[in-house]
Amino acid sequence: VMEVTGARNIILEGFMGSGKTTVSEILADKLDLELLDTDAAIVEAEGRSISDIFETDGEESFRDMETALLETASSEHFREMVISLGGGLVLRKENRELLQELGKVVYLRTKPETVYERVRYDDSRPLLKTADPLSTIRKMQSDRGSIYELAADFIIDTDDLTPSEIADRIIEEL
Ligand code: S3P
């Protein structure tokens with residue numbers, strides 16, 4: 001019998017529209033693992049949308065909810081799950097440290113133009129509701145790029161891959 005010693009969760013990080021949610025669903029399915037999507041878990045716990053939370057309580061409160069959720073995940077000893085992270089969760093150093101203990105972090109790296117094509121008709125992302133979303137995406141990505149890299153155990157460039165191909169790539173790398 002193999003003993004599970006370390007944390008073995010598969011954690012997906014990356015910018016909004018990088019495909020984390022879709023890829024995590026495929027991965028969980030292929031590997032027969034449970035799935036934790038931090039955005040979905042917060043929406044469910046709060047009973048309101050992310051846009052509502054940002055509007056009413058502000059971004060910092062949402063970030064606190066993300067940290068609280070990660071702390072619960074750590075304390076409950078999740079061992080083999082697929083965890084899909086909200087795009088800004090890794091911005092906090094505290095969160096990046098918690099993630100290291102939780103498992104392997106995969107960065108789905110995606111070009112701004114690809115992100116823009118994926119999110120342009122989707123109004124669920126308050127941070128991209130600006131007059132010029134493509135410029136916002138470019139600016140936010142250049143601000144955050146090195147943080148995603150810092151938090152990653154490995155990186156996959158997703159622009160030319162289907163979600164299923166990305167999932168297969170992750171399984172090969174594990
Ligand atoms: C955010 C990303 C969103 C969501 C919130 C903030 C961000 O998640 O958590 O709107 O700061 O990048 P997705 O990456 O799943 O869109």
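**Exercise 1. How do the residues of the shell around the ligand divide into nonpolar, polar and charged?**

Solution. This is a predicted model, in which local features need pLDDT of at least 70 and side-chain atom pairs count only at pLDDT 80 or more, while totals for chains, interfaces and linings use all residues. Residues are numbered from 1 along each chain as its sequence is written.

Step 1. List the shell. A residue is near a molecule if its C-beta atom, placed from the backbone, lies within 6 Å of it. The residues around the ligand are Met16, Lys20, Asp39, Ile50, Gly86, Gly87, Gly88, Arg125, Pro126 and Leu127.

Step 2. Apply the classes. Ala, Val, Leu, Ile, Met, Phe, Trp, Tyr, Cys and Pro count as nonpolar; Asp, Glu, Lys and Arg count as charged; the others, Gly among them, count as polar.

Step 3. The shell comprises four nonpolar, three polar and three charged residues.

**Exercise 2. Describe the overall architecture of the protein.**

Solution. 

Step 1. Count the elements. The protein has eight helices and five strands, where helices (H or I, at least four residues) and strands (E, at least two) are DSSP runs numbered from the N terminus. Their pattern along the sequence is β-α-β-α-α-α-β-α-β-α-α-β-α.

Step 2. Along the principal axes, the C-alpha atoms fill a box of roughly 55 × 35 × 25 Å.

Step 3. Of the 174 residues, 32% count as buried; a residue is buried if 20 or more other C-beta atoms lie within 10 Å of its own, exposed if 12 or fewer, and partly exposed in between, with C-beta atoms placed from the backbone. Two residues are in contact if their C-beta atoms, placed from the backbone, lie within 7 Å. Among the contacts with a separation of 6 or more, 79% join residues 24 or more positions apart.

**Exercise 3. At roughly what angle do the axes of helix H2 and helix H4 cross?**

Solution. 

Step 1. Locate the helices. Helix H2 spans residues 38–46 and helix H4 spans residues 59–75.

Step 2. Compare the axes, which are lines fitted to C-alpha atoms over the stretch in contact, with angles running from 0 to 180 degrees between N-to-C directions. The two axes come within 10 Å and cross at roughly 105°.

Step 3. Classify the angle. Angles under 35 degrees count as roughly parallel, over 145 as roughly antiparallel, 65 to 115 as roughly perpendicular and the rest as oblique. H2 and H4 are therefore roughly perpendicular to each other.

Step 4. Identify the contact. Thr38, Ala41 and Ile42 in H2 meet Met65, Glu66 and Leu69 in H4. These residues divide into four nonpolar, one polar and one charged.

**Exercise 4. Is Ile10 buried or exposed?**

Solution. 

Step 1. Ile10 lies in strand E1, residues 9–13.

Step 2. Ile10 counts as buried because 26 C-beta neighbours lie inside 10 Å.

Step 3. Name the partners. Setting aside residues up to four places away in sequence, Ile10 touches Leu27, Val82, Gly103, Lys104, Val106, Ile170 and Leu174.

**Exercise 5. Where does Asp32 lie, and what is its phi?**

Solution. 

Step 1. Asp32 lies in the loop between helix H1 (20–31) and strand E2 (34–37). With 7 C-beta neighbours inside 10 Å, Asp32 counts as exposed.

Step 2. Asp32 has a positive phi of about 55°, although it is not a glycine. Most residues other than glycine have a negative phi.
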